[in-house]
Every structure is written in structure tokens, then in C-alpha cells.
Amino acid sequence: MNRTWTFLFSFLALTALSCSARTIRPASSSETPPADAPAAEEIVDAQTGDNAYYHYIAGYQHQLEGDWEKALEEYRKVLELDPDSVFVRVEMSRLLLQIGRLEEAARSAEEAVQKAPEDMEALLQLAQVYASQKSYEKAIGVYEKVIALKPGDENAYMHLGSLYASMHKYDKAREVFSHLAENDPENPHVHYYLGVIALNSGDLEGAETFFKESLERGYNADGVYFNLGMIREQQSRWEEAERYYKQALEANPRNILARQRLTQLYIRQQTNEKAIEQLREMEQLYPENLGTHKKLALLYMESGRYEKALPHFLFILETEPRNVDFRYYYALALETLERYGEAVAQYKKIIDVEPRHVNSFLHLGYIYSLQKKYEEAAMAYDELLSFQKDNPAIYAYLGRIYIAMDRYDDAENVLGEGLERFEGNDELHFTMAVLYEETDEYEKMVSQLKRAIEINPDNADALNFLGYSYADRGENLRDALSLIQRALKLEPDSGYIVDSLGWVYYKMGRTKEAVETLERAVELVGSDPVVSEHLGDAYLAVGQKDKAKGAWQKALQSPQKDEEPDPELRERVKRKLKELEKAPAE
């Protein structure tokens with residue numbers, strides 16, 4: 001466990017215990033100085049009189065209004081009139097600390113202590129500034145002086161102990177808080193901080209005891225429950241960890257650390273909806289938190305809620321426009337939602353930042369091929385091959401694009417180049433077989449399919465392709481049946497393999513089995529002209545002419561709006577329908 005951050009949480013809580021800091025807030029111009037403001041004679045001498053007090057009042061009024069520079073200007077005028085004023089130097093240090101000007105704050109507090117070495121307000125302010133500067137040794141020295149001057153100051157002990165702990169000096173921190181516990185055993189804060197020290201020291205059992213003692217003494221703060229949750233998480237007691245984190249959030253709904261741990265707990269348990277619920281709460285509390293948007297985007301992606309992920313990706317990319325990983329996830333979400341134009345634009349932006357982003361080129365080629373923009377697809381894959389030659393799939397993708405473009409020579413060249421590099425790649429042999437089918441080179445096609453199956457006996461596509469090819473030609477039907485059955489075991493719900501099985505049954509004369517199998521293929525595939533034609537042939541073979549007619553008519557319908565059935569298939573099916581009409585009625 002990272003021990004520092006656990007204690008950091010407690011240290012931040014400790015700083016709130018300081019009684020020396022005064023809250024600065026906007027106020028109306030009629031507001032008067034607070035009750036603890038000094039009387040006029042405390043900040044002026046007999047010579048300067050009312051002028052110094054006037055400047056103090058003016059400075060304090062500017063401070064209330066949030067006009068820090070004017071406030072500081074007025075306080076400096078006080079010091080010009082009364083150079084020995086400790087009170088004003090402390091006030092200036094507080095203001096400078098609040099606005100983050102730490103060096104000036106330290107200098108002002110140091111001057112106050114030089115003027116009054118035993119002034120408690122000045123010493124405590126100086127210690128606080130040193131702690132803010134992470135000058136822990138200096139701060140410790142000041143708190144030790146405070147304790148020496150005022151041994152009963154519990155607040156100084158608390159700060160001293162917290163500083164030792166922040167420096168990982170746990171033994172000294174434990175000594176300080178143990179002293180406090182002896183003097184005030186019912187102080188719940190002391191038990192809490194002893195628990196934090198034990199937790200950071202790796203003593204889980206001791207930490208749990210102290211935290212529970214703190215609870216028993218009425219300290220029901222979110223930090224107690226949070227740290228108990230951390231202990232249970234380290235012990236893999238997930239349900240108890242969840243309960244403690246929820247109690248922390250009941251005590252303080254803005255405890256982002258508790259929400260983060262609870263979210264991680266849910267992610268580990270794969271209860272993504274609960275994780276998303278916590279992240280949405282964080283988003284409401286801290287809408288600009290980039291980490292929350294990143295987690296939400298990825299969880300929505302993982303759960304398939306791509307539309308929900310999109311606004312989070314946009315937020316991330318507005319903040320980190322060169323974040324390639326999240327732009328890639330964003331593009332994937334758009335692609336999955338079939339918003340192809342937007343996805344393409346994102347992939348191109350990725351390539352602008354990272355010119356050799358392989359996955360972006362792959363997805364560009366895929367989208368272009370879906371859109372039948374074959375020239376663009378070929379360009380994407382070709383550019384990818386210019387710097388990525390050790391991926392055989394790219395040769396196969398480019399080869400298929402060339403086949404779709406009827407650029408058979410180019411396809412053979414690129415597939416041949418791929419096979420020279422990766423002769424043992426079954427997908428390249430399979431794609432070469434597709435090419436030889438297109439060029440009516442049957443023997444070469446069979447040879448390539450056999451080689452693909454030899455390399456990978458579980459290549460379902462190659463098994464089905466070879467089996468179907470045998471069946472379609474009415475040869476090697478036993479081998480065809482065996483090949484297709486092997487393919488079907490690998491992909492039992494593939495409608496096209498089921499169609500192949502039905503077709504081989506038909507060719508073997510097992511017509512009843514053919515009908516049953518082809519009907520299932522139609523259920524799986526839907527509208528496909530070839531499958532419908534096969535079913536019509538099978539229906540006719542068992543004497544179901546009306547069903548044969550319906551199946552063939554369905555084969556003539558376009559499977560997609562922008563796609564016409566194969567002209568040869570149309571002519572063949574029309575011929576079968578005419579012959580059916582001419583056949584004498586039974």
C-alpha cells in the first residue's frame with residue numbers, strides 16, 4: 001500500500017484543527033472588525049496615533065472584500081507607522097499564506113517572531129507556513145518551542161505528531177500522540193491519528209483497534225470509516241470494505257477518495273453498474289475531474305452503452321486533444337454505432353498525431369470496405385504495408401480488396417508476397433483460394449484450401465469452403481460431408497455452414513434431411529439468395545412444389561437495398577420457376 005497518501009488525508013484534517021487561523025470571507029462594507037481585533041493602542045504608538053489604526057481598518061476591510069493587494073498595501077502603511085507591530089505582521093502572513101505567496105508569508109511571520117520570540121500567535125503562524133512550504137524540520141522546531149513555552153497546548157502536539165508522520169518518522173509520531181492519549185484518554189482525535197500511524201506502519205490490527213476506539217468516543221468522521229474500509233480491502237473482506245466506504249460517504253458525500261475506492265471495488269467485482277453509479281456521483285460533485293470522465297467512458301464502452309460513452313470521450317479530447325488512446329476508443333464507439341463518417345475522421349486525426357498507428361489504418365480499411373470504397377480501402381492497407389510488413393493479416397486484407405475490385409493480378413502479387421514471408425499462414429492460403437475461385441482455377445483453389453486445413457485443422461472457413469466446393473460439383477461427397485461436419489462443430493450457429501450441410505445432404509439424395517437442415521439455415525441467415533435457392537431445390541426434391549416456388553421467389557429478392565442477386569443465380573432461378581409452371585399438375 002502507498003502509505004503516504006493515506007496519511008495525507010489525515011494530515012489535511014489536522015490542519016483544520018489550528019486555532020490560529022482566522023477565516024477570511026467576503027462581507028458587506030458595513031462589517032466591523034472582529035471581536036478579537038486589537039484595540040487601537042495595540043497597533044499604534046503615541047506618535048502615529050489614529051493614522052495607523054485607520055490603515056489597519058482599511059486593510060481589514062479590503063481583506064473582507066477579497067481585494068488582497070489593497071489589503072496588503074494598507075497593512076504595509078501600518079508597519080511604516082508602527083514598525084514593531086507583531087499583530088499586523090501575523091495578519092499579513094496569514095493573508096499571504098492564503099493567497100499562496102509562501103515565501104513572503106514566511107518572511108512576515110519570521111519578522112513577527114523576531115520582534116516577539118515568545119508570542120504564541122506568531123509562532124503558530126510561522127510553524128503553519130513552514131509546514132505549507134514542506135519545510136517540516138523547521139516547522140517541528142517551532143512546534144517544539146511552542147510546547148516548551150506552553151506544555152498543555154494539545155493543538156501544537158497534534159501538529160507536531162502529524163509532521164513526524166508525514167516525514168515517515170512513525171515512532172516519533174506515535175510517541176507524541178501516545179503522550180496526548182495519556183493526558184486525555186477520551187480524546188477521539190488522538191485515537192484516530194494513532195490509528196492512521198498504525199495503518200501507515202503496516203499494523204492493520206492495531207490500526208483497526210484505534211479507529212474503533214475513536215468511533216466509541218464519538219468521532220464518527222468519514223476518515224475513520226474510510227481507513228477501516230482500506231483495512232478490510234487489504235484483508236480481501238470486500239463486503240465489509242464496501243460497507244465502511246458507504247458509511248464514509250454518509251458522513252461526507254464529498255469524500256472523493258471513498259468514492260474512488262468504492263468504484264475500484266465494484267470494478268474488481270465486475271459490478272459495473274454500481275461503479276458507474278459512483279462515478280456519476282463524482283461527476284456531479286466534481287464535473288471537471290478528468291479521471292472520472294475516463295473511467296465512465298471506458299465502463300460505458302465495456303458495457304456496450306456506446307452512446308453514453310460519447311460525451312465523456314468528447315470532454316476528455318477537449319482537455320487532451322493529443323490523447324491517442326482515448327481518441328481511438330472514441331473512434332471505435334462511433335464505428336460500432338455505424339457512424340462511419342465520424343469514425344473515419346477520428347482515425348485520420350489519430351494518424352495525424354501518430355502516423356504509424358496500425359489499428360487506425362486497419363479500421364479505416366475495414367470501414368471503407370464496408371462502404372465499398374475499395375480504392376480508399378486499398379490505399380489504407382497499402383500504406384499500412386509500407387511500414388508494417390510483419391503482420392500476415394494485412395496482406396490478406398489487401399488481397400481481398402483487390403479481389404473485390406477484380407484486380408486479380410494485384411491480388412495474386414500481394415498474396416504471393418505474403419506467402420513468401422508467411423508460408424505457414426492458413427488465412428493467406430485461404431484468401432488465395434478465394435482468388436482462384438474467382439479466376440475459375442479449381443485445382444489451384446482446392447490445393448490452397450487443403451494447405452490451409454493442413455496448417456490449421458480448425459479453420460472452419462476453409463473446411464466449409466472445400467466441403468461446399470466438392471458438394472456443389474457433386475464429387476467427393478463423403479469427404480465433403482466430413483469436412484462440413486467438422487466446420488459445424490467449430491461454429492454450430494453459422495447459417496452458411498448449415499446451408500453447406502443441407503446442400504451436401506441434397507447432393508447425396510438425403511432430401512428429407514436436406515429440407516430440415518436448409519430450413520434451419522434460412523432461419524439463421526435470413527434473406528440470402530443462394531440459401532433460398534438451395535431450399536427451393538430441396539422442397540422440389542420432396543415434392544413440395546408450392547414451397548419450392550416460394551423459396552425460389554424469395555431468392556430473386558434483393559438481400560440488401562443496394563445489392564442485386566448474382567445475375568447467373570437470377571437466370572437459373574427464373575428458369576426453375578418457368579419449368580415448375582410448365583410441369584403438369586399432380
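This is a predicted model: local features need pLDDT of at least 70, side-chain atom pairs count only at pLDDT 80 or more; totals for chains, interfaces and linings use all residues.
# Residues are numbered from 1 along each chain as its sequence is written, and side-chain values use heavy atoms, with hydrogens and water left out.

View 1. Helices (H or I, at least four residues) and strands (E, at least two) are DSSP runs, numbered from the N terminus. Among contacts between residues at least 6 apart in sequence, 49% join residues at least 24 apart; a contact means heavy atoms within 4.5 Å. The chain has an accessible surface of about 29400 Å², and carbon and sulfur atoms account for 47% of that surface. Accessible areas come from the Shrake-Rupley method with a 1.4 Å probe, and for residues only the protein chains shown count as cover.

**View 2. Lys134 and its loop.** Lys134 sits in the loop between helix H7 (120–132) and helix H8 (136–149). Its phi is positive, about 65 degrees, although Lys134 is not a glycine. Most residues other than glycine have a negative phi. Lys134 counts as exposed because its relative accessibility is 61%.

**View 3. Lys372 and its loop.** The loop between helix H21 (358–370) and helix H22 (374–385) holds Lys372. Lys372 is not a glycine, yet it has a positive phi of about 60 degrees. With a relative accessible area of 42%, Lys372 is partly exposed.

**View 4. The salt bridge between Glu69 and Arg101.** A salt bridge is a side-chain nitrogen of Lys or Arg within 4 Å of a carboxyl oxygen of Asp or Glu. By this rule the count comes to 33 salt bridges. In the one between Glu69 and Arg101, the N to O distance is 2.5 Å. Glu69 lies in helix H4 (residues 68–81) and Arg101 in the loop between helix H5 (86–98) and helix H6 (102–115), so the pair ties together parts that are 32 residues apart in sequence. Glu69 is partly exposed at 45% relative accessibility, and Arg101 is partly exposed at 24%.

**View 5. A network of salt bridges.** Glu208, Lys212, Arg232, Arg237 and Glu240 are linked in this network. Within it, the side chains of Arg237 and Glu240 meet at 2.9 Å, N to O. Arg237 is partly exposed, with a relative accessible area of 35%, and Glu240 is partly exposed, with 22%.

**View 6. The salt bridge between Glu533 and Arg572.** The two side chains meet at 2.7 Å, N to O. This pair links distant parts of the chain, 39 residues apart: Glu533 is in helix H31 (residues 529–541) and Arg572 is in helix H33. Glu533 is buried, with a relative accessible area of 3%, whereas Arg572 is partly exposed, with 30%.

**View 7. Val522 and its contacts.** Val522 belongs to helix H30 (residues 511–525) and is buried at 16% relative accessibility. Leaving out residues up to four places away in sequence, Val522 touches Val531, Leu535 and Lys554. Val522 and Ser532 are 10 residues apart in sequence, and their C-alpha atoms are 6.9 Å apart in space.

Notes
Buried means under 20% relative accessible area, exposed over 50%, partly exposed in between (1.4 Å probe, protein chains only).
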